[in-house]
Amino acid sequence: MPPPSDQAAPLDVLMVSTSYPSTLTDWRGLFIRHLSDALARRDDLALQLWAPPGESHPAVRAAATPDESAWLAALMQKGGIAHLLRNSAPRGAAHALRLLQFLRRTYARSRQVDVYHINWLQNALPLPANGRPALITVLGTDMQLLKLPLMAPLLRRTMRGRRVAICPNAEWMVPALNDKFGDLATVRFVPFGIDPGWFAIRRPLVPATPARWLTVTRLTRGKLGPLFDWCEPHFRDGARELHLFGPMQEQIALPAWVHYHGPAAPAQLMNDWFPTARGLITLSQHAEGRPQVMLEAMAAGLPIIASRLAAHENIVFHRKTGWLCDTPADVATALDTLEPADANRQAGETARDWVAREIGTWDDCATRYMTLYRTLLQETRA
């Protein structure tokens with residue numbers, strides 16, 4: 001009997017992430033859970049996952065030791081590396097050094113994997129010089145990281161001598177990444193996927209009730225942007241309702257007219273709130289990558305009112321799937337235009353069709369990554 005071909009052999013992939021939800025009701029790092037589950041459902045891949053502890057697909061093999069797992073869980077409780085660095089540079093730096101030590105140990109005991117799949121650029125820094133290919137997923141916070149002194153040169157040193165694919169989850173990051181790493185790595189935009197449950201949502205749009213608009217975000221000044229100032233004239237009389245969901249990560253005073261609910265599990269949004277909402281509002285000024293909640297809202301058929309950021313311009317198509325805002329007057333026009341039922345339904349269905357065609361599900365996303373794993377491995381062996 002001939003040996004199995006390379007195409008048929010399951011790939012051994014080590015995925016690294018410093019964020020992972022404890023359960024499917026945990027909002028933190030949920031995209032990593034969806035991605036790892038989708039990869040684990042494939043029979044042409046064997047997945048090891050180095051991440052904080054949490055429920056997972058039965059085919060996922062845990063790669064973290066007990067002490068690493070406990071440290072990662074504590075890091076999640078503290079808000080993660082980026083949050084620690086923003087709030088206390090010395091404390092953040094100490095945690096970053098410890099993280100690199102743990103990762104160096106992890107990579108050393110996983111030298112025989114076929115491909116490293118690394119989430120966030122800084123996690124690639126301790127890769128050993130063993131020629132194994134690496135796929136690095138890049139999010140919006142990584143672009144801020146690249147502004148740190150020596151970060152880009154250190155990453156370039158890690159990339160030399162191996163095949164590397166750098167995969168931002170939004171198109172706007174591609175030119176900057178090509179400028180820094182295009183001579184050493186392939187830079188390829190790879191969109192994440194969407195849980196099929198969001199596509200199944202249908203909205204009755206009951207006209208006799210106050211129009212509900214939703215904002216789902218971490219509560220920081222950057223994430224909220226001018227939301228309260230620009231929306232207050234249109235919501236304070238109660239004719240419309242703004243419902244705000246997300247963890248309070250900075251001390252922020254909330255106006256009385258805002259309905260704040262704290263963090264919400266995806267099932268709550270999917271079953272209780274998205275079906276009754278007129279749309280999603282985000283006026284973030286944060287360094288966004290490609291906000292997952294916006295894609296999920298579009299899959300649910302919700303129009304989006306958004307600040308004009310590069311991260312928003314590639315998914316909110318002005319006057320078609322939502323409204324891009326530069327001024328307070330833009331928010332007023334957007335609400336008046338998108339709130340009537342016919343216009344609301346048309347914008348929502350256009351948004352749903354676009355994400356179904358261009359983004360798809362997490363299984364579609366896993367297929368995109370699998371194609372890149374195979375390409376990296378073939379180029380390494382050539």
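Which strands and helices cover the buried residues of helix 7? The cover includes strand 5 (134-138), helix 5 (140-145), helix 6 (151-159), strand 6 (164-168) and strand 7 (186-187), where helices (H or I, at least four residues) and strands (E, at least two) are DSSP runs numbered from the N terminus.

The model is predicted, so that local features need pLDDT of at least 70 and side-chain atom pairs count only at pLDDT 80 or more, while totals for chains, interfaces and linings use all residues. Residues are numbered from 1 along each chain as its sequence is written, and side-chain values use heavy atoms, with hydrogens and water left out.

**The chain as a whole**

The chain has 16 helices and 13 strands, and its C-alpha atoms fill a box of roughly 70 × 55 × 40 Å along the principal axes. A compact globule of 382 residues would have a radius of gyration near 21 Å, and the 22 Å of the chain agrees with this; the radius is taken over C-alpha atoms, and the globule rule is 2.2 Å times the number of residues to the power 0.38. Of the 382 residues, 54% are buried, a term for under 20% relative accessible area, with exposed meaning over 50% and partly exposed in between (1.4 Å probe, protein chains only). Among contacts (heavy atoms within 4.5 Å) with a separation of 6 or more, 66% are between residues 24 or more positions apart.

**Helix 7**

In helix 7 (residues 174-181), the buried residues are Val174, Leu177 and Phe181. They cover an arc of only 65° around the axis and therefore lie on the same side of helix 7, the arc being that of the directions from the helix axis to the C-beta atoms. Pro175 and Asp179, on the other side of helix 7, are exposed.

**Helix 12 and its packing**

Helix 12 is mostly covered, with eight of its eight residues buried, and Gly301, which follows helix 12, has a positive phi near 85°. Helix 12 packs against helix 15 at an angle of about 115°, with the axes 7 Å apart; axes are lines fitted to C-alpha atoms, for helices over the stretch in contact, and angles run from 0 to 180 degrees between N-to-C directions. The two helices are therefore roughly perpendicular, a term for angles of 65 to 115 degrees. The residues that make this contact are listed below.

| Helix | Residues | Contact residues |
|---|---|---|
| Helix 12 | 292-299 | Leu295, Met298, Ala299 |
| Helix 15 | 341-358 | Gly348, Ala351, Arg352, Trp354, Val355 |

Note on methods: Angles under 35 degrees count as roughly parallel, over 145 as roughly antiparallel, 65 to 115 as roughly perpendicular and the rest as oblique.
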